[in-house]
Amino acid sequence: MKKLTFGILAHVDAGKTTLSEGLLYTSGQLRRLGRVDHGDAFLDTDAQERERGITIFSKQAVLPLESMTIPLLDTPGHVDFSAEAERTLQVLDCAILVISGTDGVQGHTPTLWKLLERYGVPTFLFINKMDLAGADRDALLEQLRQRLSAGCVDFSAGEESLWEEAATGSEAALGEYLDTGRLSRDTLRRLIARREIFPCWFGSALKLQGVEEFLGGLEEYA
């Protein structure tokens with residue numbers, strides 16, 4: 001069975017640990033959902049973390065999926081502990097970058113993006129807190145393309161839209177799309193692996209909205 005090590009990163013308070021909790025719960029690893037604000041999140045085990053409501057130390061959990069196993073490394077989001085997060089990047093096959101749907105690209109986000117670029121880590125994005133007022137899907141996607149990469153592609157859109165957007169990732173992909181009107185799954189995987197496109201999903205980790213679809217996307221395209 002395939003095994004890929006994922007790291008999960010975010011600007012502090014984007015909902016990284018909440019998404020980790022949701023992924024573990026959805027994959028059957030947890031019987032109940034903990035919460036950061038309740039001090040019982042599964043991966044925040046240190047007393048300081050539970051008191052302050054932030055991740056300080058990197059932790060590992062395992063997501064057992066049907067076709068692969070994902071060791072998931074939860075990294076600190078606060079800029080004060082960025083060195084701890086950077087150490088984790090050196091062992092990753094892929095990364096999950098969590099973006100707050102109400103705040104968008106925040107101060108520490110571009111720094112994390114540059115580190116992912118430096119280490120050549122294929123990256124999947126989960127835009128969180130889309131259940132809250134002020135979260136504008138189209139505006140967020142445009143901001144991601146302007147401030148992070150033009151290759152950010154909405155994978156939660158329909159296939160036609162997905163293929164059209166992803167086809168701009170490379171000349172070969174564009175040729176395939178013009179010839180066939182679609183892109184194969186293998187082509188999409190190659191584009192992601194080469195960091196030519198960056199798949200985006202939207203949802204609410206706290207309410208488990210979009211979490212199952214995101215987990216399915218990791219399994220299908222990583």
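Reader: Which helix gives the most to the lining of the second largest pocket?
Author: That is α9, with 5 residues. The model is a predicted one, where local features need pLDDT of at least 70 and side-chain atom pairs count only at pLDDT 80 or more, while totals for chains, interfaces and linings use all residues. Residues are numbered from 1 along each chain as its sequence is written, and side-chain values use heavy atoms, with hydrogens and water left out.

Reader: What makes a residue part of a pocket's lining?
Author: A lining residue has an atom within 4 Å of a point of the pocket; on a 1 Å grid over the protein atoms alone, a pocket is an open set of points with protein on both sides within 12 Å along at least five of seven lines, whereas a cavity is a set where a 1.4 Å probe fits but cannot get out. For the second largest pocket, 17 residues form the lining, and Glu159, Leu162, Leu188, Glu220 and Tyr221 lie nearest its centre. Two or more lining residues come from each of α6, α8 and α9 (211-221). Helices here are DSSP runs of H or I with at least four residues, strands are runs of E with at least two, and both are numbered from the N terminus.

Reader: What is the volume of the second largest pocket, and how is its lining divided by class?
Author: The volume is about 200 Å³, taken as the space filled by probe spheres set on the grid points, which are joined across faces, edges and corners. The lining has 8 nonpolar, 4 polar and 5 charged residues. Ala, Val, Leu, Ile, Met, Phe, Trp, Tyr, Cys and Pro count as nonpolar, Asp, Glu, Lys and Arg as charged, and the others, Gly among them, as polar.

Reader: Why is the pair of Asp154 and Arg137 called a salt bridge?
Author: The term asks for a side-chain nitrogen of Lys or Arg within 4 Å of a carboxyl oxygen of Asp or Glu. The closest N and O atoms of Asp154 and Arg137 are 3.2 Å apart, so the pair qualifies. It links distant parts of the chain, with Asp154 in strand β7 (residues 152-154) and Arg137 in helix α5 (residues 137-147), 17 residues apart. The structure holds 6 salt bridges.

Reader: Is Asp154 buried or exposed?
Author: Buried means under 20% relative accessible area, exposed over 50%, and partly exposed in between (1.4 Å probe, protein chains only). Asp154 has 6%, so it counts as buried.

Reader: What separates Asp186 and Arg189 along helix α8?
Author: About one helical turn, because they are 3 residues apart in helix α8 (residues 185-193).

Reader: Why is helix α1 described as largely enclosed?
Author: Because 8 of the 11 residues of α1 (residues 16-26) are buried, among them Leu19, Glu21 and Leu23.

Reader: What makes Ala205 buried, and which residues does Ala205 touch?
Author: Ala205 has 2% relative accessibility, so it counts as buried. Not counting residues up to four places away in sequence, Ala205 touches Thr18, Leu19, Phe126, Asn128 and Val211, where contact means heavy atoms within 4.5 Å. Ala205 is in the loop between β8 and α9.
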